[in-house]
Amino acid sequence: MSRLTLLSLQVLVAVVCLALWQLLSTVPVFGKILLPPFFFSNPVDVFAQIVKWFSSGVIWKHLGITLTESILAFVIGSAGGVLIGFWFARQPLVAAVFDPYVKMVNALPRVVLAPIFALWLGLGIWSKVALGVTLVFFIVFFNVYQGVKEVSRTVLDNGRMLGMSERQLMQHVYWPSALSWMFSSLHTSVGFAVVGAVVGEYLGSAAGLGYLIQQAEGIFDVAGVFAGMFVLSAFVILIDFGVTLVERRLLVWRPTVDGRG
Amino acid sequence: MTTLTAVALEDAKVAFRLGDERVYTAVEKANLTVGEGEFVAIVGPTGCGKSTLLNVAAGLLKPAAGSVRIFDQPLAGLNRDAGYLFQADALFPWMTALDNVAIGLEVSGTPRSEALPRAQKWLTSVGLGAFANRYPHMLSGGQRKRVALAQVLIRDPKILLMDEPFGPLDAQTRQVMGNLLLDLWNADRKAVLFVTHDLEEAIALADRVVIMSTGPSSRIIGDWRVSLPRPRDIFEVRLDQEFHALHREIWSVLKDEVMKGYAQSTQAAEAV
């Protein structure tokens, strides 16, 4: 299928959905409006709300805050995950001792940590960053741990036979292997960084996209809730696109799924 | 011919501890020497411990008994004089072909600016000059072996250890690689210990062919000198009368071992 056909079909799906939404929320079917505006609003109002946010410039501050929180959560969570993952993989004893605790903390739904973080770190950005970190950390941690443990035996032996010291093995074999595993989970971990930030904002904050949605919900402004959701989706898609670019740059050496370069 | 011994295994025994208390003896009392500049091939049925013996010579495995001497010095730790060509893919997948070859120099402290041109030269001599910037997954199996060969040879090891290096390749590529190996080896005649299960390949390449018995507790059961003239061409040498005579002679011994190994593996399967 050509790129153009695909794109037009994709746009068609959006147009049909929006048209149905607009129609069902404004035109009565058999004397009844199927999507009452109070609960469902309508695309025109939602779009007007989005335009208002952008034209008045209010949205930039909130986007900026959410972006900052996501980036901080991602960077801190990844750094922690890489370091601890590396350490555990090279020290099986440490890994064995901490294993049940790691599993326990990972099993905990992170949302319940939000109130604790709000208490400890206040309602500013750091309580949201902390929530994002708990999500990102484990994804990166497990991937790096696996990556270091599953370095091919032959590649390691080859490194040794080529005269690599332990430090050089670290630099040329373990490290790239661990990083490649981390990058393969980049989409997931970046996504979770955003989730942590938005959920944290939603549960208690004074700025950010989550805050915007929560405020709109508080005054039954359904158009505002939907507008917030759309801005959030667009935001995540943009970030994801950025991640794809980074990934393509960093993982050139990896075979793609169909086995071709 | 030569006086110095590059590799000497004396009564080397290799054993592995299985999960429980049992001990599996892979190789029993192996005595093997490789002279300086000598090309020795080890042939044996699958699972006879040929690769194990090679790993002992490389220092990757410690013998349970006996000793390993490299240039008359007892081997402690890894064999620093040896280059090892693995059967499986051993290239670093995150490095380009050029970097894969250069890394062998870089780890021993050669500056990158000096290592890269030398690596390029080696890539050219294995016929991959135009593929320097490819990553291993973009190369064919035969091309990866060429890179691996360059990676090992650039360090100029005094001993070459090869573990069925051309095993995964198709028949034609194996012969081309064999000729390439002989050409490169002819230039400076390193000591080579070459493990294979292919008797024809062994006779075509080596100065001496060593036969191992079926495992467990396999032993070296034969040692033949191959006096075919050098330089050899692998395609041509197979047509030689002497080649055929030698092949028949060695095969008569090897055949029994292969059948024994085959019988063992089928019995084991039935027992399960």
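Five bridges join strand β7 of chain B, residues 159-163, to strand β8 of chain B, residues 191-196, and the two run parallel. Before I go on: this is a predicted model. Within that pairing, Met162(B) stands opposite Phe194(B) in β8(B).

These two strands belong to an open sheet of six strands in chain B, in the order β6-β7-β8-β3-β9-β10, with mixed pairing. Which strands form the edges? They are β6 and β10 of chain B, the latter covering residues 220-225, and each of them pairs on one side only. On average, and ignoring direction, neighbouring strands in this sheet are turned by 15° against each other.

Chain B also has an open sheet of four strands. Its order is β2-β1-β4-β5, and the pairing is antiparallel. At the edges stand β2, residues 23-35, and β5, residues 73-74; each has a single partner strand, so one side of each is left without a neighbour in the sheet. Inside the order, β1(B), residues 5-17, and β4(B), residues 65-70, pair in the antiparallel sense over five bridges. If you want a position to look at there, Ala8(B) stands opposite Arg69(B) in β4(B). A helix packs on this sheet: α1 of chain B, residues 50-58, touches β1, β2 and β4 of chain B. The direction of α1(B) makes about 120° with that of β1(B).

Now the contact between the chains. How many residues does each chain give? Chain B gives 20 residues and chain A gives 18 residues. On the chain B side, the elements that supply two or more residues are β6, residues 82-85, and α2, residues 97-106.

Last, a helix pair in chain A. Two packed helices are described by the angle between their axes and the distance between the axes. For α8(A), residues 153-161, and α9(A), residues 166-184, the axes come within 10 Å and cross at roughly 145°. The crossing is right-handed. From α8(A), the contact is made by Val155(A), Leu156(A) and Gly159(A); from α9(A), by Leu169(A), His172(A) and Val173(A). Those residues divide into four nonpolar, two polar and no charged.

Methods: Residues numbered from 1 in each chain as written. Chains lettered and ligands numbered in written order. Predicted model: local features only at pLDDT ≥ 70, side-chain atom pairs only at ≥ 80, totals over all residues. Contact = placed C-beta atoms within 7 Å. Axes fitted to C-alpha atoms, helices over the stretch in contact; angles between N-to-C directions. Left-handed = near helix turned anticlockwise from the far one by under 90°. Nonpolar A, V, L, I, M, F, W, Y, C, P; charged D, E, K, R; others polar. Pairing = 2+ DSSP bridges.
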